[in-house]
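Hi everyone, thanks for coming along. Let me put the model up on the screen, and then we can walk through it together.

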Amino acid sequence: MEYFEEIQDRVILIGVQADRGDDMEESLDELGELAATAGAAVAGRIIQNREAVHPGTYIGKGKIEEVKGLLYALDANGVICDDELSPAQMNNLERELECKVMDRTLLILDIFAKRAVTSEGKIQVELAQLRYRSARLVGLRSSLSRLGGGIGTRGPGEKKLETDRRLIRNRISALKQELSQVEKHRELIRSRRAVGNLKTAAIVGYTNAGKSTLLNTLTGASVLSEDKLFATLDPTTRLLTLDDGQQLLLTDTVGFIRKLPHNLVEAFKSTLEEAKYADYIIHVVDASNPQAEIQMHIVYETLKELGALGKKTITLFNKQDRVSGESFRDLRADHTLKISARTGEGLEEFKQLLSEILAEGQIYMERLFPYSEAGQIQLIREYGQLLSEEYTEGGIAVKARVPREIYPKVT
Ligand SMILES: Nc1nc2c(ncn2[C@@H]2O[C@H](COP(=O)(O)OP(=O)(O)OP(=O)(O)O)[C@@H](O)[C@H]2O)c(=O)[nH]1
Ligand SMILES: [Mg+2]
């Protein structure tokens, strides 16, 4: 289901400025970027100031006329609304404007559909698309039954709709089953990591902040990084070995955006939850973006929604090579650093900081275990990190880091 394939659509962006604090111009800038990413050309934009979106048509009657005129004047063939439209709003607008009507959700779903690579990603996108569609079929059905008139009368086309709905329902449950298989596999991987005593850090941030670039620079990974929204959909995990030998798993994943469609959050739960199961959060901010403050806010809101708040957080103000003099603060983070994932600036300090954080709660020990006490080394393996072991005449010389609670048992 890709909406912008064959012809290049020329679209008009429509936003409703509901309360004064909202930043509709910026939100529409971003909607425009999303449209471009999906392959549509933006012909113009219209913002309506009203108390709330119109329940029936998203924008008011007068504005609809204005949009009609603009469609004609700009030779556009579609509109994209900045919020998720209800089924009724979408139908009504389509009827009134006689053009293609899309919303932010459809657009993001479309981009995700183009970007999905792994089977998990593809299943998740299809699930989100079907849920979005099935909600709309329900709406359509009820409006058709109204047309049907008397009790028990079937509206025109209703039979077909019922078939469609059943097909969609079946497909959804098949996909859900597939997805739960994939999720089981992911859980297995997670538990294996836990056994290896490796800590994990999730790299989170607004889309296009530089998360994948950071992972690539730090670990030599080759995650696609592009100046596009949602370049990464599938989580990638790499092992980072720090200068002092400590190790940490870094996971790069899908970026956040304002008004991330609910259906997507649902479908991508297992992907997004990488942050929830991580020990630490690495929050990458594009400090060169004028919207950085708001983007940070949205990232925290999303983390809250995912139940991933309250972890030790390092905020990295990225793209310093493009910033002149601006300085941000992030009071919610435990640590902040300025870096450039592209030039490598600040990354040594970052790794140093990771070493310190990993060492917290751990005690470094060097000890010669007599062979009779070799069993204790097993304890270290299980709960701590065995940095080296050397078999000597007097016993086994061990260098290790162990959790504070374990330390008394191995000394
Ligand atoms: N100038 C500059 N550009 C950077 C830096 N880090 C990343 N970029 C660029 O920013 C763009 C986005 O980078 P990505 O690493 O793909 O960003 P991401 O956060 O993974 O984005 P999504 O996967 O789309 O959510 C790319 O064009 C990068 O080359 C930096 O430190 N300086
Ligand atoms: Mg990425």
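Let's begin at the ligand: how far is an oxygen atom of ligand 1 from an N or O atom in the side chain of Arg 342? The separation is 2.8 Å, and a polar contact here is a pair of N or O atoms within 3.5 Å, where within protein one must be able to donate a hydrogen and the other to accept it, and residues adjacent in sequence count only if both atoms are side-chain atoms.

Before going on, some housekeeping: this is a predicted model, where local features need pLDDT of at least 70 and side-chain atom pairs count only at pLDDT 80 or more, while totals for chains, interfaces and linings use all residues. Residues are numbered from 1 along each chain as its sequence is written, chains are lettered from A and ligands numbered from 1 in the order in which they are written, and side-chain values use heavy atoms, with hydrogens and water left out.

Back to ligand 1. It has 23 residues around it, counting a residue as near if one of its heavy atoms lies within 4 Å. Those that come nearest are Lys 211, Thr 213, Ala 231, Asp 321 and Arg 342. Asp 321 places a polar side-chain atom 2.7 Å from a nitrogen atom of the ligand. For Lys 319, a polar side-chain atom is 3.0 Å from an oxygen atom of ligand 1.

Now the domains. The assignment, which is automatic or from a database, gives domain 1 (10-112), domain 2 (117-181), domain 3 (198-359) and domain 4 (362-410). Where domains 1 and 2 meet, eleven residues of domain 1 are in contact with eight of domain 2, contact meaning heavy atoms within 4.5 Å. About 700 Å² is buried between them, with carbon and sulfur atoms giving 66%; that is the accessible area (1.4 Å probe) that two parts lose on being put together, summed over both. On the domain 1 side, Pro 87, Asn 91 and Leu 109 lose the most area, together 59% of what that side buries.

And salt bridges? The rule asks for a side-chain nitrogen of Lys or Arg within 4 Å of a carboxyl oxygen of Asp or Glu. The overall count comes to 21 salt bridges. One of them joins Asp 9 to Lys 100, with the closest N and O atoms 3.1 Å apart.
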